Amino acid sequence: MEFTCCIIGRTQLAVDCSKILLHNGIIIRHVFTDDKSFQEWAESLKIEVHSIAHFESKSKLPLDLSSISNFFGNFDFLFSIVNDVIISEYVLKSVKRCPINYHNGPLPKYAGMNAAHWALLNGEKTHGVVWHIMEKTIDTGAILTKKDILIDDSDDITK
């Protein structure tokens, strides 16, 4: 069975995760980003690239609202990887199978932004990363997988 996806994200992590998706046979149809290296990587593979700003408000999406479900309904998955733009519930519900978010902290304890910084400031001995289903309320969806990471005494927020 062939699966397709759309990715919204930034940084080398978005590129690395996209490579893993491709390696596992998932077809990436569209990328939404403002990160030059992710954009160039996607374009080199002939993946259609759009500005991440399209998600900042419904009025900036490249489609009118009546077309959103048709657009996102063509994808099995929507992956959000290093993305701080809130995706509307309408878009989340339009994806065929599910929208999935990468979060750089254990949930629910470190929901929200800058999770790793908060963990270090709070003196945590472990941290983690989570892949979870996206829902209307940020960082509350069912956890699909997680990995705990030990925090070394030399780790600090400046690194």
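Helices, taken as H or I runs of at least four residues, and strands, taken as E runs of at least two, are DSSP runs numbered from the N terminus. In these terms, Ser37 has its place in helix H2. The structure discussed here is a predicted model.

## Overall architecture

The chain contains 5 helices and 7 strands. Read from the N terminus, these elements follow the order β-α-β-α-β-α-β-α-β-α-β-β. The chain has 159 residues, of which 42% count as buried. Its exposed surface comes to about 9100 Å², and carbon and sulfur atoms supply 54% of that area. Of the contacts between residues at least 6 apart in sequence, 49% join residues at least 24 apart.

## Packing of helices H1 and H2

Helix H1 spans residues 11-23 and helix H2 spans residues 36-44; the two pack with their axes 9 Å apart and at an angle of about 25°. Because angles under 35 degrees count as roughly parallel, H1 and H2 are roughly parallel to each other. On the H1 side the contact is made by Ala14, Val15, Ser18, Lys19 and Leu22, and on the H2 side by Ser37, Phe38 and Trp41.

Ser37, one of the H2 residues in the contact, is partly exposed, with a relative accessible area of 35%. Val15 is among the H1 residues that make the contact with H2.

Glu43 also lies in helix H2. Its relative accessible area is 39%, and Glu43 is therefore partly exposed. Between the C-alpha atoms of Glu43 and Val31 the separation in space is 9.3 Å, and in sequence these residues are 12 apart.

Thr11 is found in helix H1. With 31% relative accessibility, Thr11 counts as partly exposed. Once neighbours within four places in sequence are left aside, Thr11 is in contact with Asp35 and Val82. The C-alpha atom of Thr11 is 8.6 Å from that of Ile81, a residue 70 positions away in sequence.

## Pairs separated in sequence

| Pair | Separation in sequence | C-alpha to C-alpha distance |
|---|---|---|
| Glu43 and Val31 | 12 residues | 9.3 Å |
| Thr11 and Ile81 | 70 residues | 8.6 Å |
| Asp156 and Leu120 | 36 residues | 6.5 Å |

Asp156, listed with Leu120, belongs to the segment after strand E7, which covers residues 143-150. At 31% relative accessibility, Asp156 counts as partly exposed.

## Backbone features of the loops

The loop between strand E5 (98-103) and helix H5 (115-121) contains Pro108. A cis peptide bond joins Leu107 to Pro108, with omega of about 5°. Asn114 likewise has its place in the loop between E5 and H5. Its phi is near 55°, a positive value in a residue other than glycine. Asn114 is partly exposed, and its relative accessible area is 45%.

A positive phi in a residue other than glycine also occurs at Asp139, where the angle is near 60°. Asp139 is placed in the loop between strand E6 (126-133) and E7. Is Asp139 buried or exposed? With a relative accessibility of 10%, Asp139 counts as buried, since buried means under 20% relative accessible area.

## Cysteines

A disulfide is a covalent bond between the sulfur atoms of two cysteines. The criterion applied is a pair of cysteine sulfur atoms within 2.5 Å, and by this rule the count comes to 0 disulfides. Cys6 counts as buried because its relative accessibility is 0%. Cys17, at 12% relative accessibility, counts as buried too.

Note on methods
Residues are numbered from 1 along each chain as its sequence is written. This is a predicted model: local features need pLDDT of at least 70, side-chain atom pairs count only at pLDDT 80 or more; totals for chains, interfaces and linings use all residues. Side-chain values use heavy atoms; hydrogens and water are left out. Buried means under 20% relative accessible area, exposed over 50%, partly exposed in between (1.4 Å probe, protein chains only). Contact means heavy atoms within 4.5 Å. Accessible areas come from the Shrake-Rupley method with a 1.4 Å probe; for residues, only the protein chains shown count as cover. Axes are lines fitted to C-alpha atoms, for helices over the stretch in contact, and angles run from 0 to 180 degrees between N-to-C directions. Angles under 35 degrees count as roughly parallel, over 145 as roughly antiparallel, 65 to 115 as roughly perpendicular and the rest as oblique.
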